[in-house]
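Student: Could you walk me through how to read the surface, the overall build and a sheet in a model like this one?

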Amino acid sequence: MRSTRRLLRWCAVAALAVAAVAVPAATERPRAAVAADGLGAGGEFHPLTPARVYDSRADSAVNEPAPGPKPATPTKPTFDISLLGLGGLPADANQVLAVVVNITVVSPTASGWLNAFGAGSPPSSDTSLVNFVKDQVVPNLAIVRPGAGGKLSIQLFTPSATATAQVVVDVFGWFSTSAAADRGARLVPVTPGRVLDTRTGTGGRTGAVGQGESIELQIRGASVPNAFTIPSTPDVVGVVLNVTGVNTTAGSKPTFVSVVPDPVVGQPSTSNLNLTKGLIKPNLVIVPVNATDGKVRLFNNTGTVDLVADVVGYLQLRPDNTRAGRVVPLGSPFRVFDTRDPAFGSVELGPGQAEPWSFADFANSVNIGGTSVGPQLAVIGNLTSASLRRQYATQAANSFISVYPDQLAAGAAPSTSNLNTVENVPVPNLTIVKYGASTTSWVYNLAGYAHYLFDASAVVLND
């Protein structure tokens, strides 16, 4: 555990850095009100049946007039895609506060990163959503505010002047403005809890998921002992899961895993997780639950794979005018911290260590039109393992990073994970950081020495 002296120094530096930058200054369009009066559907979630809304690949192009790979060069080129009116999204920009999309990089010809933001609202400094290496297929979930013309800007970077990459975008839902006619659901963040592990039988399934096979996972009424129980009532309309693939046997062709609300017939048209043999990989999933049975289904395309799912929140209809659970996106992503930066200590998190981060100054700086949004339950953003260094020269480092709201008992390790990490490969994953006491959250690293960073994209309001 970090020493008190270091914690105080980190908190002081973090406060200085955050205070020096108007974090969400780009959130000037007051689409979600701050007070409890007249909120309507502002910041509420509307689940959609997962649908593909963009694919740059020539053999499966969607919403792309000139199919083909996109440039990914040192100049950080961008291209725009239309979102509104596709995949069940409203066509009226006045109703849509943010969209929930899974963005996948396919066949990159060099290592680099992808960023996504509303057209016309680039971040003030570099942030990233998907980190990839050559020839990888890498997805990540994002909550993104549509920009000018209801479009999303995709930015691609590699050090190579000739590199390219393909991009695929699947939509899973949207957050509404206060002007939307229909009420949506609120996000209820929870301390992460494991509800599925096919290696141990947690969740009712023991044994890897086979090729072309889907399994069911009960969401309504699901319980994590001594932690939480999801209500079994029909007002629970969606769930937020961190899904991890383990022990993948797919050969030269990677497999994909899809999480969908309805029984699977044939092959799903969208994907959440892309896996190669031997790789342990997570991805956050926001998915509707089946309206009739309260379940979701997890489908594996090729080979066999063990699946692990941790609940980090659920979506519940709450037809009232309170603030709790409403999601307000930042105008563009903002890098809250990066442990490689001298301002944050330039010190890795060591094996079996946990350290607290104070988000108080960040939370206090979030505003709409200069007015603070007030109390918050959580922040949503992209957590990236920037590097992992081995502890022993002759032993490869394999680790996981967990984020949780409250300090664990001395010597205890988290029972859930957000990132599974290896040496020399940056790993991103969208993360809901639920706040504990004093707007603080803890980060734990299992093994090796890890640098990591966090790019915020939205906040969850509290009463």
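Predicted model: local features only at pLDDT ≥ 70, side-chain atom pairs only at ≥ 80, totals over all residues.

Tutor: Residues are numbered from 1 along each chain as its sequence is written, and side-chain values use heavy atoms, leaving out hydrogens and water.

Student: What percentage of the residues in the chain is buried?

Tutor: Buried means under 20% relative accessible area (1.4 Å probe, protein chains only). Here, buried residues make up 58% of the 463 residues.

Student: Which strands form the open sheet of four, and in what order?

Tutor: In general, strands of a sheet pair through backbone hydrogen bonds, either parallel or antiparallel. Strands are DSSP runs (E, at least two residues), numbered from the N terminus, and two of them pair if DSSP finds at least two bridges between them. In this case the order is β11-β18-β15-β16, with antiparallel pairing. The edge strands, β11 (213–218) and β16 (273–275), each pair on one side only.

Student: How many bridges join β11 and β18?

Tutor: Six bridges link β11 to β18 (residues 295–300) in the antiparallel sense. Within this pairing, Ile215 stands opposite Leu298 in β18.

Student: What box do the C-alpha atoms fill?

Tutor: Taken along the principal axes, the box is roughly 55 × 50 × 50 Å.

Definitions and conventions
Buried < 20%, exposed > 50% of the residue type's maximum accessible area, 1.4 Å probe, protein only.
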